[in-house]
Amino acid sequence: GVAISTYAKYCYNKLQKAALTGAKKGLKKPNIEEIRHAKNAVFNPSMFGSSLQDIIAMQKEKYPERQLPWVQTRLSEEVLALNGDQTEGIFRVPGDIDEVNALKLQVDQWKIPTGLEDPHVPASLLKLWYRELEEPLIPHEFYEQCITHYENPEAAIAVVHSLPRINKMVLCYLIRFLQVFVQPGNVAVTKMDVNNLAMVMAPNCLRCQSDDPRIIFENTRKEMSFIRVLIQHLDTSFMEGIL
């Protein structure tokens with residue numbers, strides 16, 4: 001009893017995204033659960049590849065008091081619960097791709113399995129969630145300001161506070177989370193200092209729209225520097241206790 005146009009619009013949007021980002025990477029063919037989930041996705045939108053506004057709307061009934069996306073906070077908590085801050089190469093070493101895909105299915109059903117052991121799995125999925133946001137975490141209209149002020153802490157922080165409220169909250173939660181990992185005691189074990197964290201996280205926050213390889217290469221360095229400045233200088237104390 002569902003109009004064909006409903007499916008057509010959904011499939012068209014999925015094809016557009018696949019054309020831009022490529023198909024899902026994995027070692028195995030989709031299993032029955034993944035196929036079943038894909039069939040129902042038109043009625044139960046995924047938290048991956050959606051906008052922040054849509055994700056907050058999705059969770060309104062389940063978590064009406066939450067100001068931040070459940071998927072963001074829950075995966076972040078899971079990384080820490082599995083001692084990710086004491087795991088070498090966290091956020092740099094990828095989790096097993098099939099375990100990550102399996103966890104993604106579970107998360108889209110508002111579940112986090114109790115049997116997780118490897119912090120690289122939720123860490124990889126968390127990075128994927130940021131990277132797949134329909135619009136980048138730092139929206140395109142703020143991109144030039146970011147790469148202009150990549151070495152100026154005061155100006156970089158001003159850019160953050162000028163973002164739309166939901167983007168600002170989500171970014172500040174991420175930066176506060178990363179500030180845990182740059183504590184010297186953690187860096188000694190993870191080997192992920194502020195430069196390494198900025199390098200792996202910048203592409204998940206900022207997206208260069210140029211097709212010129214020279215501009216992309218030059219901007220990559222500035223994007224990393226911008227995120228590094230935020231990790232080092234952004235006061236995120238106001239985020240304490242906010243979910």
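These legends describe close-up views of one predicted protein model.

Residues are numbered from 1 along each chain as its sequence is written.

**Figure 1. The protein chain has 12 helices and 0 strands.**
Helices (H or I, at least four residues) and strands (E, at least two) are DSSP runs, numbered from the N terminus. Along the sequence the pattern reads α-α-α-α-α-α-α-α-α-α-α-α. The chain has 243 residues, and 44% of them count as buried. Buried means under 20% relative accessible area, exposed means over 50%, and partly exposed lies in between (1.4 Å probe, protein chains only). Take the contacts between residues at least 6 apart in sequence: 79% of them join residues at least 24 apart. Contact means heavy atoms within 4.5 Å.

**Figure 2. The largest nonpolar core holds 65 residues.**
A nonpolar core is a set of buried Ala, Val, Leu, Ile, Met, Phe, Trp, Tyr and Cys residues joined through side-chain atoms within 4.5 Å. Phe91, Val107 and Phe226 have the most contacts inside this core. Helix α9 (residues 165-181) gives the most to it, with 11 residues. In soluble globular proteins, nonpolar side chains tend to be buried together.

**Figure 3. Phe91 is a buried loop residue with a positive phi.**
Phe91 is found in the loop between α4 and α5. Its relative accessible area is 1%, so it counts as buried. Its phi is near 75°, a positive value in a residue other than glycine. Leave aside neighbours within four places in sequence, and Phe91 is in contact with Val79, Ala123, Leu126, Lys127, Phe177, Leu178, Phe181, Leu197, Val200 and Met201.

**Figure 4. Asn83 also has a positive phi.**
Asn83 lies in the loop between α4 and α5 (97-107). Its phi is near 60°, and it is not glycine. Asn83 has a relative accessible area of 47%, so it is partly exposed.

**Figure 5. Helices α4 and α9 are roughly parallel.**
Two packed helices are described by the angle between their axes and the distance between the axes. Axes are lines fitted to C-alpha atoms, for helices over the stretch in contact, and angles run from 0 to 180 degrees between N-to-C directions. The axes of α4 (residues 70-81) and α9 cross at roughly 5° and come within 11 Å. Angles under 35 degrees count as roughly parallel, over 145 as roughly antiparallel, 65 to 115 as roughly perpendicular and the rest as oblique. From α4 come Gln72, Thr73, Ser76, Glu77, Val79 and Leu80; from α9 come Val170, Tyr173, Leu174, Phe177, Val180 and Phe181. By class, this contact has 8 nonpolar, 3 polar and 1 charged residues. Ala, Val, Leu, Ile, Met, Phe, Trp, Tyr, Cys and Pro count as nonpolar, Asp, Glu, Lys and Arg as charged, and the others, Gly among them, as polar.

**Figure 6. Helices α8 and α12 pack at about 90°.**
Helix α8 covers residues 153-161 and helix α12 covers residues 213-233; their axes are 10 Å apart. The angle makes α8 roughly perpendicular to α12. Pro153, Ala156, Ile157, Val159 and Val160 of α8 meet Phe226, Val229, Leu230 and His233 of α12. The contact divides into 8 nonpolar residues, 1 polar and no charged.

**Figure 7. Pro139 is buried in a loop.**
The loop runs between α6 (120-132) and α7 (143-148). Pro139 has a relative accessible area of 1%. Beyond residues up to four places away in sequence, Pro139 touches Leu163, Pro164 and Asn167. Pro139 and Pro164 are 25 residues apart in sequence, and 8.9 Å apart in space, C-alpha to C-alpha.

**Figure 8. His120 is buried in helix α6.**
Its relative accessibility is 10%. Not counting residues up to four places away in sequence, His120 touches Thr87, Glu88, Gly89, Ile90, Val93, Pro94 and Gly95.

**Figure 9. The model has 0 disulfides.**
Here a disulfide is a pair of cysteine sulfur atoms within 2.5 Å. Cys146 is in no disulfide; the nearest cysteine sulfur belongs to Cys205 and is 9.6 Å away. Cys146 is buried, at 1% relative accessible area. Cys208 is partly exposed, at 24%.

Definitions and conventions:
Predicted model: local features only at pLDDT ≥ 70, side-chain atom pairs only at ≥ 80, totals over all residues. Heavy atoms only, no water.
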